[in-house]
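Keep the viewer open while you read.

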Amino acid sequence: MNFADKNQKIISSVPAVYLHIPFCREICPFCSFAVRRDRANLHGKYIRGVVEEIKRRAEFLKETPQNKDEEKLSGENLLESIYFGGGTPSRLTIPELSLLLREVRNCFPWSDNIEISFEMNPEDVNPEYLSDLAEIGVNRLSLGGQSFHDSTLKQLGRCHSSLDLRDAITVIANSPINNWNLDLMFGIPEQSVLMFKNDVEEALSCEPSHISMYGLEIHEKTPFGQNKQIRKWESEHQEQFEEMYLWATERFKKAGLFQYEVSNFSKKDKEGQNNLLVWSGQEYLGFGVGAHSYHNQTRWGNVRSLNTYLKQLEQKAWPVDFEERLLTEQLAAEFLMLGLRQCKGINIEDWQKRFGLHWQKQQHNFVNGLCDEGRAFWEDQYLCLTPKGMLLADRITVELMPTFSKI
Ligand code: SF4
């Protein structure tokens, strides 16, 4: 095949696209994402903005040297994953979602096996909506269930009840989309260990193909962050937090779910494709307010304000809040962090070679200490964290990075 032929080849500049839908029925008091109260009259403007961003970014990337490169064009570069996150994507109608998908399809040719994953809240689940989603290509759902206890849902400021959640699960189980994730949360004020264990048991009895389990994180600029009692509760319940996490990881394992990352458990071959691509260091593009992207060793994040986002696009500017070209050290840290968060671990020898780094005695001692404490283990060249180590994954990454020195 000559270069002219290759130029005809259909390629996507990235394997993964993220679409951020910021609308939520109510704003939960712990949420730190780029979200806003849903108003149906904002949808049209927002969708037009996102479509414009997708189109312009795709044209811009086609012109970048990396994508004009002969070697790059010769590969099978197709889009493998689209992830609708938020916010609450299920606030959008099917025609609105179709517009977005059509534009993504025009700009980034899809693989036949593409995974289109879609976040939903239980109150939006109904049989017609799910079959329409399947019709437009959605083949994975992620349900923001969080808990089967009404008091916990109330504490979290969620719009749904435990009954809504159970009904939603029944509808999903009878829908054409049989690959689905259930989100569960733990470490919530007033949630006892027993209540969480019941949540885990009920979640397992629903047989989702995937469970994401998140510990409540308290962010400064949220109502929870400003609430002294909640802060106090958090600091006084660290042991309980750890107990919940460790118990659940063991319980999921016994139930046949395979842990592949700190917070993610799946049936065989049902890992989230978006997760796998991003964690293996692949490039991705995020569109919409607050969405993040990584391409050509550059990371950027969009502005979080809807008005600013739309205004910037109108003025033909990029709606970008920050952009940084990653230095080798930052890339090395990123790979280490992503590797340690995954259960398969990170091949330390390959990683050191790739970034021209090597461990000092200090790092070896640190890792030996982690192994003695049952927080890490070696599997050939791979350094892996145990669930006990996963609880400290971020801290361990920091400990291992700053004192690295170039060979
Ligand atoms: S529904 Fe989800 S995204 Fe929306 S405010 Fe609540 S936690 Fe945040």
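A residue counts as buried if 20 or more other C-beta atoms lie within 10 Å of its own, as exposed if 12 or fewer do, and as partly exposed in between, with the C-beta atoms placed from the backbone. Strands here are DSSP runs of E with at least two residues, helices are runs of H or I with at least four, and both are numbered from the N terminus.

Some bookkeeping. This is a predicted model, so local features need pLDDT of at least 70 and side-chain atom pairs count only at pLDDT 80 or more, while totals for chains, interfaces and linings use all residues. Residues are numbered from 1 along each chain as its sequence is written. As for pLDDT, it is the predictor's confidence in each residue, from 0 to 100. The protein's mean is 92, and 93% of its residues reach 70 or more. Residues 1–8 stay under 50, and the model gives them six contacts beyond four places in sequence; a contact means that two C-beta atoms, placed from the backbone, lie within 7 Å.

Two strands pair if DSSP finds at least two bridges between them.

| Strands | Sense | Bridges | Residues standing opposite |
|---|---|---|---|
| S1 (residues 16–21) and S4 | parallel | six | Tyr18 and Tyr83 |
| S4 and S5 (residues 110–120) | parallel | five | Tyr83 and Ser117 |
| S17 and S18 (residues 382–385) | antiparallel | four | Glu379 and Tyr382 |

Between S4 and S5, the chain crosses through helix H5 (residues 94–107), and this β-α-β crossover is right-handed. That label applies if, with the strands pointing away from the viewer, the path from the first strand over the helix to the second runs clockwise.

S17 and S18 also belong to an open, antiparallel sheet of three strands in the order S15-S18-S17. S15 (346–347) and S17 (376–379) are the edge strands, each with a single partner, so one side of each has no neighbour in the sheet.

Now the ligand. Which residues are around it? They are Cys24, Ile27, Cys28, Cys31, Phe33, Val35, Gly86, Gly87, Thr88, Asn121 and Gly144, where being near takes a C-beta atom, placed from the backbone, within 6 Å. This shell divides into six nonpolar, five polar and no charged residues. The classes are Ala, Val, Leu, Ile, Met, Phe, Trp, Tyr, Cys and Pro as nonpolar, Asp, Glu, Lys and Arg as charged, and the others, Gly among them, as polar.

Most residues other than glycine have a negative phi, and most peptide bonds are trans. The bond from Gly86 to Gly87 is cis, with omega near 20°, and Gly87 lies in the loop between S4 and H5. Gln146, in strand S6 (residues 140–146), has a positive phi near 70°. Gln146 is buried, with 24 other C-beta atoms within 10 Å. Asp380 has a positive phi near 55° and sits in the loop between S17 and S18. Is Asp380 buried or exposed? Asp380 counts as exposed, because 7 C-beta neighbours fall inside 10 Å.

Last, Leu313 in helix H13 (residues 306–314) is partly exposed, with 18 other C-beta atoms within 10 Å. Beyond its neighbours within four places in sequence, Leu313 contacts Gly49, Glu52, Glu53 and Pro319.
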